[in-house]
Amino acid sequence: MVWVIIVIVAVIVVLAIMLITSYNRFVKQRNLIQESWRQIDVELHRRYDLIPNLVETVRAYAAHERHVFEEVARLRTQAVNVQGATPEQRAAAEGQLSGALRQMMISVEAYPQLQSNQNFLGLQRELTDTEDRIAAGRRFYNANVGDYNTRIEAFPSNLIAGAFKFEKAGYFEVKDEQVRAVPQVSFGTIGSVAGEQAPPQMQPGAPSSGQIHPQMPGDQGNYQSPPQPIPGGYQQPPAQPGQYPAPGQYQGQGEPPVGGPPAGSPAPQDGQPPFTGGQ
């Protein structure tokens, strides 16, 4: 009986330790998510402070781009007003603001004097560095949220999460269509390089150089065999349809042809060797 009580007490102690450990881990992860979010919020405020100065600098050179400046100012005010909202709402506002800033930077390309302005270049550099830090903080924040949400859904930690009201955290994802768009890549004609012409295509029935195309059934005498070199330095000319070798013309091994075709014999057809008189 004593051993049974000891075993029960041991099981209760182990379960209590597991409960406390899991609960403390949930608290630690939740605090880590909040801390990582505060780091992102600091960089977002830095971004909000840079945008007005950047807009005023651009306005001095491109005053007629008024609609672009007004849109950037409106979206900046909207992003500032949703600071107490959820990460999903903040992400939506930041995505719209990023799109307006990108549009303003595109309009800047038409003003070379503005691109060489030192004040504009300094603000642009600071804004780029801030964007990089925001992106790094977003990756860190989303990684912590992923681990936290996984534990809330996994067993048996989901029992503790449900008992102590630990809720899933939201991701901070900027839904920018320009960033998420798939780049269009075209390699042109296969086998050719940009700026070069594709190799010519062979026409049907036209033999390529350096290749022998034997005559196939149905060909109408279009094939001619190339001259074949023979010992002694002589070269046998190609056979022509309906023609015989001239008298005294050597055909092979330095020996002249003997005789000719029998009287009344028909002329050789295309694709047949001429009569040389050999029996």
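The pLDDT is the predictor's confidence in each residue, on a scale from 0 to 100. In this predicted model, the protein chain has an average pLDDT of 74, and 62% of the residues score at least 70. Among the elements of the chain, the highest mean pLDDT, 92, belongs to helix H5 (residues 118-153), whereas helix H7 (residues 177-180) has the lowest, 48. The pLDDT is below 50 over residues 179-200, a stretch that has seven contacts in the model beyond near neighbours in sequence. Residues 206-223 likewise stay under 50, with 11 contacts beyond four places in sequence. Where pLDDT is low, the predicted coordinates should not be read in detail.

Six aromatic pairs were counted in the model. In one of them, the ring centres of Tyr23 and Phe166 are 5.5 Å apart and the planes meet at 65°, so the pair is edge-to-face. Because Tyr23 lies in helix H1 (residues 2-59) and Phe166 in the loop between helices H6 (157-163) and H7, this pair ties together parts that are 143 residues apart in sequence. Tyr23 is partly exposed, at 30% relative accessibility, while Phe166 is buried, at 6%. Trp37 and Tyr141 form a tilted pair, with 5.4 Å from centre to centre and 50° between the planes. Since Trp37 belongs to helix H1 and Tyr141 to helix H5, the pair ties together parts 104 residues apart in sequence. Trp37 is buried at 16% relative accessibility, as is Tyr141 at 3%.

Tyr23 and Phe166 also belong to one aromatic cluster with Phe26, Tyr148 and Phe164. Over the ring of Phe26 sits the charged end of Arg151, 4.1 Å from the ring centre.

Terms used:
Residues numbered from 1 in each chain as written. Predicted model: local features only at pLDDT ≥ 70, side-chain atom pairs only at ≥ 80, totals over all residues. Heavy atoms only, no water. Helix = DSSP H or I, 4+ residues; strand = E, 2+ residues; numbered from the N terminus. Contact = heavy atoms within 4.5 Å. Phe/Tyr/Trp six-rings, centres within 6.5 Å; stacked < 30°, edge-to-face > 60°. Buried < 20%, exposed > 50% of the residue type's maximum accessible area, 1.4 Å probe, protein only. Lys NZ or Arg CZ within 6 Å of the ring centre and 35° of its normal.
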